[in-house]
Amino acid sequence: MKLPISFAIIFTFMALQTNAQLKAVAYTDVSQKLNGFAIAPAKKTPQTPGILILPAWKGISDHSKRVAQELAGLGYYAFIADIYGEGNYPKDTKEAGEQSGYYKSHPEDYQRRIKLAMEQLIKFGANPEDIVVIGYCFGGTGALEAARAQMAVRGVVSFHGGLGKDKSRENKKIKTKVLVLHGADDPYVPQGDILAFQQEMRDGNADWQMIYYGNAVHAFTEKEAGNDNSKGAAYNEQADRRSWKHFLLFLKETFEE
């Protein structure tokens, strides 16, 4: 059905206004230029919480921007972290695997980039005592790294993220709330990683939750992933909707305490 011309113009204008709310933010890690995006809610106070978004393995995407805009609409500050930095953005899945693989095997570098992005979120206006870190796929691994590094955050949330870490790393105390939203049929997260993660949470005396979504594989929140589960990564509308509701419940519980 075609929209009336007048309504279509108004709708387009509103969409442009929404997109304009995302502000490009340049920051640095020593000499490496990083390019993140920040967005503020319409109504804000010094107590307004902030959400740090860690993108999937290909870097900042339309999906992460949509998430930031939706969070701002719900009344939160949001900042999308640039983990790779200018000149290092993957051009294809091979490069994405290499780049994300580096940070997975060098968690101290990943943690540093997360901290730098968090500083930008706070500088933009978010309450430094009310921060939650969320991540998708590779970013979900990063959210768990924020917990492992004992960053001063209220909670971390992993959407279909990698759960494993090098076995040589000790299980430390987990001081923040942890929510893992996981596709029950995700072929990229071995059962061994799941069991090791759960033991890590127990060893760390964590306040943690792990929710499985049936018939969901990797990348179940990403519409760009298509709908073919046989590929191992595919969008699942039901899992996407349910995981978002579980996430919002987590935010409500975390920020109201």
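S3, H2 and S4 form a right-handed β-α-β unit; right-handed means that, with the strands pointing away from the viewer, the path from the first strand over the helix to the second runs clockwise. Helices (H or I, at least four residues) and strands (E, at least two) are DSSP runs, numbered from the N terminus. This is a predicted model, in which local features need pLDDT of at least 70 and side-chain atom pairs count only at pLDDT 80 or more, while totals for chains, interfaces and linings use all residues. Residues are numbered from 1 along each chain as its sequence is written, and side-chain values use heavy atoms, with hydrogens and water left out.

**Strand S4**
- S4 (residues 77-80) runs parallel to S3 (residues 50-54), with four bridges between them; strands pair if DSSP finds at least two bridges between them.
- Ile51 has Ala78 of S4 as its bridge partner.
- S2 (residues 32-39) and S4 run antiparallel and are joined by three bridges, and Phe37 has Ile80 as its partner in S4.
- Tyr77 and Phe79 point one way from S4, Ala78 and Ile80 point the other way, and all are buried (under 20% relative accessible area, 1.4 Å probe, protein chains only).

**Largest pocket**
- The largest pocket has a volume of about 1100 Å³, where a volume is the space filled by probe spheres set on grid points joined across faces, edges and corners.
- A pocket is an open set of points on a 1 Å grid over the protein atoms alone, where a 1.4 Å probe fits, with protein on both sides within 12 Å along at least five of seven lines; lining residues have an atom within 4 Å of a point.
- Trp57, Lys104, Cys137, Phe138 and His218 are the closest to the centre of the largest pocket, out of 42 lining residues.
- H6 (191-203) gives the most to this lining, with six residues.
- The lining divides into 15 nonpolar, 14 polar and 13 charged residues; Ala, Val, Leu, Ile, Met, Phe, Trp, Tyr, Cys and Pro count as nonpolar, Asp, Glu, Lys and Arg as charged, and the others, Gly among them, as polar.

**Second largest pocket**
- The second largest pocket holds about 330 Å³ of space.
- His63, Arg66, Val67, Glu70 and Asp240 are the closest to its centre, out of 13 lining residues.
- Six charged, four nonpolar and three polar residues make up this lining.

**Helix H4**
- Just after H4, Gly125 has a positive phi of about 135°.

Note on methods. Buried < 20%, exposed > 50% of the residue type's maximum accessible area, 1.4 Å probe, protein only.
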